[in-house]
Amino acid sequence: MTQGHRIYYVSIGRPSKGTILCLHGGPGSDHWTGINMADLAPLGYRVVWYDQLGCGESEKPSSYRNYTIEQSSDEVEAVRGSLRLGRVHLWGHSYGGCLALQTVLSHPGEFLSLIVSSGYASTAEWVAELRRLISLLPAEKRMAIEECEPKGMFDDPRYKEAVAEFMQRHYSDLRVTPYESAITTSNVKILKVMMGEPEAFTVTGNLASWDVKRELKQIRVPTLVTVGARDLVTPVCARTIHRGIRGSRLAIFRESGHDALSKERDLYIETVRDFLDGFSC
């Protein structure tokens, strides 16, 4: 039980070098999206995942109306405390990277390090980057998005084809869907509350005004920022975080979109291991 709710978690490995607490993305997905972090368990790390409230195997609340990133950051701290993990390395991917930033800002002093993987510090900056990427699509695909999205024509075949091409370019171009992606679930109710229309490239939900760019300078723990060269959460977003957190490291995975943990798995794990092994726990 965490904050009065049942939260599902998984833990493997022994913390001879420390514990890594993993935050999944979405919003609304589950821990399977980051399961490849298990590769660090044989290397001396305890790796812990959990399904955020309403996600995966965790309890589903009666309402998601007040679901916010600030509330979720309190949940991260509650999970850390309930499991008696002590000070941990905090890793988050995509929205989980945003949540990791918010958590370290809201609960300073409880974390050994921070790894932001394909995350962003400002929703407005990210949406602007999405628009820039859309502008680089072939004219036919770009026009389909620009014409259909404002009208809510998300089932239009032209829109679906355009989105499919965008995702192949910037999410993943793997021909075979990785197991962890195929098995993950998503709570669309959370996605709608936090982001708005799931098929749109705009954010109108509770996350729309979220922006911690000015607060990044408050983060004092060692930080690694990772991003795919073709990522839909672009290197521009990653560099904003890198510049904002003094002494942080930036790693760009040249062959990847939003899927570096799958596409360049060995290099990704090696990069994270090198970062974590670089200082004493």
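Helix H5 buries Tyr 159, Ala 162, Val 163, Phe 166 and His 170, where buried means under 20% relative accessible area, exposed over 50% and partly exposed in between, with a 1.4 Å probe and protein chains only. Seen down the axis of H5, these buried residues fall within an arc of 100 degrees, so they line one face of the helix; the arc is that of the directions from the helix axis to the C-beta atoms. What covers them includes helix H3 (123-135) and helix H4 (139-148), a contact being heavy atoms within 4.5 Å. The model is a predicted one, in which local features need pLDDT of at least 70 and side-chain atom pairs count only at pLDDT 80 or more, while totals for chains, interfaces and linings use all residues. Residues are numbered from 1 along each chain as its sequence is written, and side-chain values use heavy atoms, with hydrogens and water left out.

The helix has 14 residues, 157-170, and should span 20 Å at 1.5 Å a residue, which agrees with the 20 Å between its end C-alpha atoms; the expected span is 1.5 Å times one less than the number of residues. Helices (H or I, at least four residues) and strands (E, at least two) are DSSP runs, numbered from the N terminus. At the start of H5, a side-chain oxygen of Asp 156 comes to within 2.8 Å of the backbone nitrogen of Arg 158. Gln 168, also found in H5, counts as partly exposed at 48% relative accessibility, and, leaving out residues up to four places away in sequence, Gln 168 touches Asp 173 and Arg 230.

The structure holds seven aromatic pairs, for which rings of Phe, Tyr and Trp (its six-membered ring) must have their centres within 6.5 Å, with planes under 30 degrees apart counted as stacked, over 60 as edge-to-face and the rest as tilted. In one of these, the ring centres of Tyr 120 and Trp 210 are 6.1 Å apart and the planes stand at 70 degrees, so the pair is edge-to-face. Tyr 120 lies in the loop between strand S5 (111-117) and H3, and Trp 210 in the loop between helix H7 (188-195) and strand S6 (223-228), so the pair ties together parts that are 90 residues apart in sequence. Tyr 120 is buried at 3% relative accessible area, and Trp 210 is buried at 6%. Tyr 120, Trp 126 and Trp 210 form one aromatic cluster.

Elsewhere, His 31 sits in the loop between strand S2 (18-23) and strand S3 (45-50) and is buried, with a relative accessible area of 7%. Its side chain is joined to that of Asp 51 by a polar contact of 2.8 Å, a term for a pair of N or O atoms within 3.5 Å, of which, within protein, one must be able to donate a hydrogen and the other to accept it, residues adjacent in sequence counting only if both atoms are side-chain atoms.

Taken as a whole, the protein has 10 helices and seven strands. Buried residues make up 53% of its 281 residues.
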